[in-house]
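Hi,

Have a look at it first, and then read on.

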Amino acid sequence: MVIWRSLIQTIYAKGRVYNYSNTIGRNASSGPGFRHPVAMVLADDDRTLYVVNRGDEFQTCPRITMLTTDETFLGEFGSYGTEPGQFVWPSAIAIDSNKQIYVADQWTGRITIFNRDGDYLKHWGIKGEEPGQLSGPTGLAFDKYNSLYITDYISNRVQKFSADGKYIRSLGDTSENLSFSRPWGLHLDLSGNIFIADWNNHRIQKFDANGILIRIIEGKSNKANFRYPSDVSVDSDEDIYISDWWNNKVIVFDKDGQYITTFIGNAEKLSGWAQQQMDASPDHTKGRLLVQDVSEEWRFNRPTAIVVDKSNRILIAESQRMRIQIYKKELNWEDPQFNL
């Protein structure tokens, strides 16, 4: 059972309390704002956030936005194209142990590396479907040895590389139970376990650091009933967060794959950037006042990426609403109402 209270969302579920914190972002082709955010990563300070803007077919403005979680704009880098340091369809981002930024381009099959300030350093990757080649890379994650795992959307596989692009091995096999179908996001937890958002199979696959399958969370046969999961993340308590792209929700499971609760989104407060835009345009403000019910605007619309920081803040990016909603998780096992 889940209890909802007040306009600001608070969820009580199985010893956990989730409070809506704030929203960051707005629709913008450059500067403070996002254009179809599809991936993000936090720096070690848990304050600096790098967001991948995929852009769209009408205004080709793919870029990486740098900001803080309190919505201070720090800059941006990257642009549309195939030259060094450019992207066509940027799709994933990760930070290595040297604090370098890795960005995957789904179109070119290329991994581009920048320093923490966004200066281009180098790139690697050959487009193709042979071992060690990339065909639609869509997810990136480093392990503690600085090896890079990459989901390959087109060739239905997950590959492991060194940080400088040397192929190491592939994950899983071609059997029905382990094969991937359009894998997208992935995450490595504190123990090195690998979680794959197996998008077209509507499930999450969990492997240990040696590539042995541990668990499958099926979207079609559990209480959550999720479809087309785009990303997965794990918090410090080993709870699992899944972006249910099709149903516009985020589903939470415990470490054993048992359902905990569902987020539907509650961006009741405008972000600081959005409020600045409203304040600068009286017509926008008047138009918004004419809307009798804006609650639909609070809800998720195509959640694409999830990041959980060390203090169990949950950041959820929405590609269609051009924003990130932030929630804070706390534990309370003593009060009976938290164990419903």
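The side chain of aspartate 239 makes a polar contact of 2.6 Å with the side chain of lysine 329. By polar contact I mean a pair of N or O atoms within 3.5 Å; within protein, one must be able to donate a hydrogen and the other to accept it, and residues adjacent in sequence count only if both atoms are side-chain atoms. The side chain of arginine 16 is also joined to that of aspartate 239 by a polar contact, again given as 2.6 Å.

Please keep in mind that this is a predicted model: local features need pLDDT of at least 70, side-chain atom pairs count only at pLDDT 80 or more, and totals for chains, interfaces and linings use all residues. Residues are numbered from 1 along each chain as its sequence is written, and side-chain values use heavy atoms, with hydrogens and water left out.

Is aspartate 239 buried or exposed? Its relative accessible area is 2%, so aspartate 239 is buried (buried means under 20% relative accessible area, exposed over 50%, partly exposed in between, with a 1.4 Å probe and protein chains only). Leaving aside residues up to four places away in sequence, aspartate 239 touches a set of residues including Tyr18, Ser233, Val252, Phe253 and Ile260 (contact means heavy atoms within 4.5 Å).

Aspartate 239 sits in the loop between β20 and β21 (240–244). Strands here are DSSP runs of E with at least two residues, numbered from the N terminus, and two strands pair if DSSP finds at least two bridges between them. Both strands belong to an open sheet of 4 strands, ordered β20-β21-β22-β23 with antiparallel pairing. β20 (229–234) and β23 (259–263) each have a single partner strand, so one side of each is left without a neighbour in the sheet. On average, neighbouring strands of this sheet are turned by 20° against each other, direction ignored (axes are lines fitted to C-alpha atoms, and angles run from 0 to 180 degrees between N-to-C directions). Within the sheet, 4 bridges join β22 (residues 249–253) to the antiparallel β23, and valine 252 stands opposite threonine 261 in β23.

Next, strand β18 (residues 203–207). In β18, 5 of the 5 residues are buried, so the strand is largely enclosed by the rest of the structure. Arg203, Gln205 and Phe207 point one way from β18, while Ile204 and Lys206 point the other way. Strand β17 (residues 194–198) runs antiparallel to β18 and is joined to it by 5 bridges; isoleucine 194 has phenylalanine 207 as its bridge partner. The hairpin of β17 and β18 has 4 residues between the strands, and histidine 202 in the turn has a positive phi of about 55°. β18 is also joined by 5 bridges to β19 (residues 213–218), again antiparallel, with glutamate 218 as the bridge partner of arginine 203. In the hairpin of β18 and β19, glycine 211 takes a positive phi near 85°.

Best wishes
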